[in-house]
Amino acid sequence: MSIYVGHKDVSLQGKEDVFELKFGFVPSEVLIGFDKFKFSYGDKTDHHVKELGLSIASKLEDKLLKCTVKGVLSDGSKHKMETGNVRVSIIAYADESTEDAVPVSALQSFNLKFSGDDHHIGRYAVSKNGSFMEDGSGHQADCSYSMSPVTLIPHAAIEKMKSENVHFISRFGMGMYKGDHHVSHTGIEIAGNEDKITYDLSDKQGNHAECNFCEFDVADNGEDTFFDKILKLNVKGKKITIAGNANVPNIAASHIQGVVKYENYYIMSHNNKGYSKGVFVVSDGDKYKQFDSYDEHYNHPGGMQRYESYMLVGVENSAHDSSYIRLYNLSGMSLDKLPRMEESFAIERSSMGTCALGICKLQDQYIIAAYAPHDGTASIDFYTASAEVELPQAAFTQLCSIETEYVSYQNIALYAEQDGTMYLVGFRSDDDTIDYIDLFEVEMKSSTIELRAIYTRHLYTEQGSIIGIAGVHFRWGAALEMDGNGNIMLLATQRNFVGRETAINEFREA
């Protein structure tokens, strides 16, 4: 059997290292990649970053493979990487059957470089759908990368890869949960067991990477996943101005809570502090109508999500300790035919608020996530129902309640892929004006849910007539929308209507 699978550990004390590997046969295919890199400025101090990159170049001559590995981590003051370690992954084979073969491609180089000054780092990623390196002030690096051609790896070689713990990274990313910082070390490693992936983006003060993703041992099949679509989103929102007015007396203590878009209509929920009911505002852009929420003494309609032609919304009392989950029918709506409340649908949460809601269809069942912050933490209650009936007739039961440290969401959203992968998106504004989305992979167990944070992105809003905390931010109305063609869009509103209009940002795929 003419197969070679192995690693080569490379130490970059300077900037590059060259090694040779001689096979006992003449390979017909060779795949080169990496499953580890660790770059460090050293143990003295932290620094800004001007450029970060890695490249692996190879040449096959008969049975001899020659490789050159280069790495760079530098700032604008001539501080450079003192230590660098790369683990090169190599697979070669000849005369092997490609029946049941697995298509694999691998990252072979990436370069992330700020064109002007050097900066702190908030997060960076290398992917065909969105390579970036950025700080917390909106500075974006110029990014490039290269992938190997897609190689069909024989089944025997795949089995040997698993036994030898050899992997080929095809995309990755990491970021600080909050803010940006100087850098001491950075890198990624798939450590033996592929379930154990370590990320490093850290400084001497203990700030480190918390939101990460990595994909390996796969080739691009040409189809974008939901994650791919999230990566493709433009980092800057596009502002539109639409007509609307909530007409609530206590505007100082009331604001837009949630937003959805259905066809050409924007629907916004708005609390009404001190009064019995909250309000909804429907706008076609030029004209608008307002209507009250359904339940007496529940004046706080909150974050919402649309599912097909239905809108799911949580409505709380003023103390945020009792709520209902309500469903509105949007089909055939217009300014003369406003959304219709499905009176038979109600999930009562008598001892819990419902700040935000997500809903999706996961194969043969509906899933609802109800989010409520309390006492410095937050809970997410998950409900399930059979999808064999239309949503208004679905009988939901609570699956579980989980606690999370993520306490800053005004809105959340759920999305499920056809293969059963489910995601939760959280919208937050740190320090009132710095806007992020957090992406979690949601894994359903028999009687519980596990959330795994995999991605965070800092997005930038374009303000309307109001700037600052009351301007357009994810802390007010925010939403994930998907059209009939599978394209996604994020929405964000400003705090209030001003002069019978409000600004909204749309973040679309680049």
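Colleague: What am I looking at, and how are residues numbered?

Modeller: It is a predicted model, where local features need pLDDT of at least 70, side-chain atom pairs count only at pLDDT 80 or more, and totals for chains, interfaces and linings use all residues. Residues are numbered from 1 along each chain as its sequence is written, and side-chain values use heavy atoms, leaving out hydrogens and water.

Colleague: How many helices and strands does the chain have?

Modeller: Two helices and 37 strands. Both are DSSP runs numbered from the N terminus: H or I with at least four residues for helices, E with at least two for strands.

Colleague: Why does the radius of gyration agree with a compact globule?

Modeller: A compact globule of 510 residues would have a value near 24 Å, and the chain has 26 Å, so the two agree. The radius is taken over C-alpha atoms, and the globule rule is 2.2 Å times the number of residues to the power 0.38. Along its principal axes, the C-alpha trace spans about 80 × 55 × 40 Å.

Colleague: And what share of the residues is buried?

Modeller: 56% of the 510. Buried means under 20% relative accessible area, exposed means over 50%, and partly exposed is in between (1.4 Å probe, protein chains only).

Colleague: What about contacts in the chain?

Modeller: Take contacts with a separation of 6 or more: 64% of them join residues 24 or more positions apart. A contact means heavy atoms within 4.5 Å.

Colleague: Switching to sheets. What is the strand order in the open sheet of five strands?

Modeller: β2-β5-β4-β8-β11, with antiparallel pairing. Two strands pair if DSSP finds at least two bridges between them.

Colleague: Which are the edge strands?

Modeller: β2 (16-22) and β11 (142-147), each pairing on one side only.

Colleague: How many bridges join β4 to β5?

Modeller: Eleven, between residues 51-61 of β4 and 64-74 of β5. Within that pair, S58 sits opposite C67.

Colleague: Now β3. Is it mostly covered or mostly uncovered?

Modeller: Mostly covered. Nine of the twelve residues in β3 (29-40) are buried.

Colleague: Which strands does it pair with?

Modeller: β3 pairs antiparallel with β6 (83-93) over eleven bridges. Five bridges join β3 to β14 (185-190), also antiparallel. K38 has N85 in β6 as its bridge partner, while F37 stands opposite I188 in β14.

Colleague: Why is β27 largely enclosed?

Modeller: Six of its seven residues (356-362) are buried, so the rest of the structure largely encloses β27. Seven bridges tie β27 to β28 (365-374), and the two run antiparallel. I359 is partnered with I368 in β28.

Colleague: What happens at the hairpin of β27 and β28?

Modeller: There are two residues between the strands, and Q363 takes a positive phi near 55 degrees.

Colleague: Last topic, E390. Where is it found?

Modeller: In the loop between β29 (377-386) and β30 (397-404).

Colleague: Why is E390 called partly exposed?

Modeller: Because its relative accessible area is 49%.

Colleague: Which residues does E390 touch?

Modeller: Y310 and Y366, not counting residues up to four places away in sequence. E390 and Y366 are 24 residues apart along the chain, and their C-alpha atoms are separated by 10.0 Å.
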